[in-house]
Amino acid sequence: MSTTVPHYPFTAVVGMDDLRLALLLNAVSPAVGGVLVRGEKGTAKSTAVRALAALMPPVDVVPGCRFSCDPAAPDPACPDGPHEAAQGVSRPARMVELPVGASEDRLVGALDIERALSEGKKAFEPGLLADAHRGVLYVDEVNLLHDHLVDLLLDAAAMGASYVEREGVSVRHAARFLLVGTMNPEEGELRPQLLDRFGLTVEVAASREPDQRVEVVRRRLAYDEDPAGFSARWEAEESALRERIAAARTLLPSVKLGDDALRQIAAVCAAFEVDGMRADIVTARTATALAAWDGRTEVRTEDVRQAALLSLPHRRRRNPFDAPGLDTEKLDRTLDEFDGGDNDPEPDGPQPDGPDGGPDGGPDGGGGLPPADGPQEPQGPQERQEPGAADEARETPDRPSRPEPAPNDSAPHDTESHGTGGQGGGEQGAVAAAEPFRARVLSVPGLGEGAAGRRSRARTAHGRTTGAHRPRGALTKLHLAATVQAAAPHQHARGRRGPGLVVRRDDLRQAVREGREGNLVLFVVDASGSMAARKRMSAVKGAVLSLLLDAYQRRDKVGLVTFRGSSAEVALPPTSSVEAGAARLEALPTGGRTPLAAGLLKAREVLRVERLRDPSRRPLLVTVTDGRATGGPEPVALASRAARLLAAEGTASVVVDCESGPVRLGLAGALARDLGGPAVTLDELRADSVAALVRNVQGTRRAA
């Protein structure tokens with residue numbers, strides 16, 4: 001008797017019209033290119049994706065083929081082939097999950113290098129890409145995957161095949177699947193190049209409508225209490241939706257994409273200034289799938305509009321601080337301007353009610369499900385919800401917007417009295433950051449072993465080969481020359497005959513490679529009265545924003561500690577979301593005394609905790625201050641002792657000297673010497689600065 005717990009039914013998901021539509025369109029036409037689901041935690045992203053697999057039509061496969069070849073058209077290059085004509089066996093479509101910590105070999109498969117060298121056989125163990133062929137590949141927290149794994153994943157999705165190459169031994173197999181990734185933007189963004197590779201992107205958020213939230217809880221509790229019974233009550237609706245997917249797949253090749261619709265697609269993509277041509281192609285495929293889903297054979301303006309709302313928002317981002325989105329008024333104006341006038345006949349018959357009347361209707365302007373005459377969304381016994389309740393589910397999380405630049409202030413640079421008895425300036429409101437610039441590279445000394453990135457030198461799985469050693473555990477990267485050199489002296493003793501090389505496991509050598517790692521960049525920002533002059537604080541925020549952009553590009557984690565008044569606080573705990581860092585920076589007020597020691601000690605505590613959580617990620621401390629310290633007894637001496645504590649623990653540091661004006665005290669330079677790192681001015685942070693500056697922290701520390 002099976003003990004498998006059934007997945008939550010797809011048709012029982014409340015609201016989430018954009019998400020359901022995007023998943024269903026990819027089920028109809030995998031050529032759309034997959035779905036990236038962005039949203040806050042606890043919004044049923046994973047539940048909906050896992051429920052989709054049960055709706056996928058079953059597939060016929062060649063018996064015994066590890067790569068799920070179609071018996072009607074087997075892959076001629078299948079590693080398990082060639083396949084002779086045989087009766088296929090039917091099985092459900094698979095949903096394969098890719099864990100965040102998966103290795104490259106687990107994703108693409110592994111070659112037995114020892115057998116390849118000694119026996120000339122391509123002994124290949126399939127990976128997750130082979131398992132997902134003709135099914136669904138689901139990547140939860142795709143933004144936390146290593147970049148090279150995301151590249152491999154998206155390359156396979158685009159080409160429909162996976163290639164595995166190890167030291168001249170190559171294996172290729174088919175890998176066509178529906179790719180779905182989920183992510184929480186608070187934990188970091190994907191690079192724009194990777195965002196562009198996902199066909200559609202959907203933003204999800206929890207509903208703010210009480211009735212809808214009640215219905216979500218009611219259904220979830222009913223499912224948890226009796227999963228099998230709950231699923232059985234929704235089986236009729238699941239079957240109807242499954243049949244509709246199959247019918248749309250059959251109709252898809254007959255759908256006509258006319259010249260008028262193509263002009264609208266091209267005009268919309270040009271109007272929103274998206275890069276490249278992938279957006280046009282994806283929008284065209286999505287509009288075609290929408291028409292097939294609606295049971296039509298011609299693409300209409302409404303299909304183009306819906307497709308653009310799903311395929312373009314994420315392609316408009318120019319930097320990580322841009323919020324994805326689309327101006328619907330501009331979209332409608334462009335569509336009207338290029339409307340041929342003959343591709344929008346009036347719909348026949350009554351239309352379904354509301355966004356929750358089925359996976360078929362959505363509110364205007366939101367990319368919901370298109371109107372169709374298909375089955376209504378199921379309303380299970382005692383589990384009905386109010387119509388129209390899904391509107392709130394479409395709300396996107398609040399995103400920070402940069403305030404308008406403040407007018408220039410003629411106040412003096414230093415608004416704080418720096419004597420031991422001074423009270424300091426009062427709190428001032430947040431000042432807008434100056435325009436960011438391309439920052440020079442700051443790096444951590446030595447050779448690390450952290451997560452792959454682009455900042456500091458490290459031993460990595462990818463990069464230039466610097467040496468070889470005996471493998472510790474499974475061999476992952478063969479050093480061919482070192483292996484041959486180790487095996488060569490033993491060929492006579494091993495009875496070698498003929499051209500083949502007799503290789504034993506002890507001969508194998510693992511390649512040692514050096515690349516770049518990502519670091520934890522912890523900013524300690526002085527927000528006291530001495531920094532409160534508008535021009536100075538605007539420049540400081542612009543510099544930190546530039547360093548945040550640099551951290552994003554180099555795949556670092558970032559954190560933010562601020563100090564003012566009588567204490568310091570962690571404004572942003574270490575995170576991969578530089579977007580969150582920029583938002584906290586924009587809202588940073590200034591004023592009060594300068595508790596520099598408190599800021600450094602708070603940073604020390606943050607780094608101590610992070611070393612326990614992620615010991616392989618090396619930190620870089622960036623202190624942004626003019627070096628002044630006030631408040632309490634001997635504030636300068638206390639700050640000096642705190643700095644020497646950080647230096648004694650081996651923390652790599654840089655001080656950004658914000659002091660300005662004709663009279664300079666050089667306090668930031670003294671702080672840098674205590675920290676064992678360099679002090680750089682705001683101007684010297686610019687990559688195009690003419691100042692001759694050695695930026696590697698190691699050089700300064702050695703000189704000290």
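Contact is taken here to mean heavy atoms within 4.5 Å. In the predicted model described below, this criterion places Ala668 against Thr625, Asp626, Gly627, Val655, Asp657 and Ala679, residues up to four places away in sequence not being counted. Ala668 lies in helix H20, and its relative accessibility is 0%, so that the residue counts as buried, the limit being under 20%. The C-alpha atoms of Ala668 and Val680, which stand 12 residues apart along the chain, are separated by 9.0 Å.

Helix H20, which spans residues 667-675, also packs with helix H19, which spans residues 635-648: the two axes come within 7 Å and cross at roughly 35°. On the H19 side the contact is made by Ala639, Ser640, Ala643, Arg644, Leu646 and Ala647, and on the H20 side by Leu671, Asp674 and Leu675. Sorted by class, the residues in this contact are six nonpolar, one polar and two charged.

With regard to the protein as a whole, the secondary structure comes to 21 helices and 19 strands. Of the 704 residues in the protein, 51% are buried. When contacts between residues at least 6 apart in sequence are considered, 79% of them join residues that are at least 24 apart.

The aromatic side chains were examined next. A pair of aromatic rings is described by the distance of the centres and the angle of the planes. With centres required to lie within 6.5 Å, the count comes to five aromatic pairs. In one of them, the rings of Tyr8 and Tyr223 have centres 5.2 Å apart and planes at 70°, and because this angle is over 60 degrees the pair is edge-to-face. This pair links distant parts of the chain, since Tyr8 belongs to the segment before helix H1 (17-28) whereas Tyr223 belongs to helix H8 (residues 210-225), the two being 215 residues apart. Both Tyr8 and Tyr223 are buried. Tyr8, Tyr223, Phe230 and Trp234 form one aromatic cluster.

Aromatic rings also meet charged side chains. The charged end of Arg244 is placed over the ring of Trp293, at 3.9 Å from the centre of that ring. In a further case, Arg686 lies over the face of Phe437, with a distance of 4.2 Å to the ring centre.

The loop between helix H16 (534-553) and strand E15 (557-564) contains Asp556, and Arg555 is found in this loop as well. Asp556 has a relative accessibility of 4% and so counts as buried. The side chain of Asp556 reaches the backbone nitrogen of Asn519 at 2.6 Å, and the residues that Asp556 touches, apart from those up to four places away in sequence, are Arg455, Gly518, Asn519, Val521, Ala551, Ser576 and Arg617. Arg555, for its part, has a relative accessible area of 16%, which is under the 20% limit, and is therefore buried.

Backbone geometry was considered last. Most residues other than glycine have a negative phi, and most peptide bonds are trans. In Arg555, however, phi is positive, with a value near 60°, although the residue is other than glycine. Met16 is likewise not a glycine and has a positive phi, of about 55°. Met16 is found in the segment before H1, and with a relative accessible area of 10% this residue is buried. The peptide bond that joins Gly81 and Pro82 is cis, with omega at about 0°, and Pro82 lies in the loop between strand E2 (59-61) and strand E3 (89-91).

How values were computed. Residues are numbered from 1 along each chain as its sequence is written. This is a predicted model: local features need pLDDT of at least 70, side-chain atom pairs count only at pLDDT 80 or more; totals for chains, interfaces and linings use all residues. Side-chain values use heavy atoms; hydrogens and water are left out. Rings of Phe, Tyr and Trp (its six-membered ring) pair if their centres lie within 6.5 Å; planes under 30 degrees apart count as stacked, over 60 as edge-to-face and the rest as tilted. Helices (H or I, at least four residues) and strands (E, at least two) are DSSP runs, numbered from the N terminus. Buried means under 20% relative accessible area, exposed over 50%, partly exposed in between (1.4 Å probe, protein chains only). A charge sits over a ring if NZ of Lys or CZ of Arg is within 6 Å of the ring centre and within 35 degrees of the ring normal. Axes are lines fitted to C-alpha atoms, for helices over the stretch in contact, and angles run from 0 to 180 degrees between N-to-C directions. Ala, Val, Leu, Ile, Met, Phe, Trp, Tyr, Cys and Pro count as nonpolar, Asp, Glu, Lys and Arg as charged, and the others, Gly among them, as polar. A polar contact is a pair of N or O atoms within 3.5 Å; within protein, one must be able to donate a hydrogen and the other to accept it, and residues adjacent in sequence count only if both atoms are side-chain atoms.
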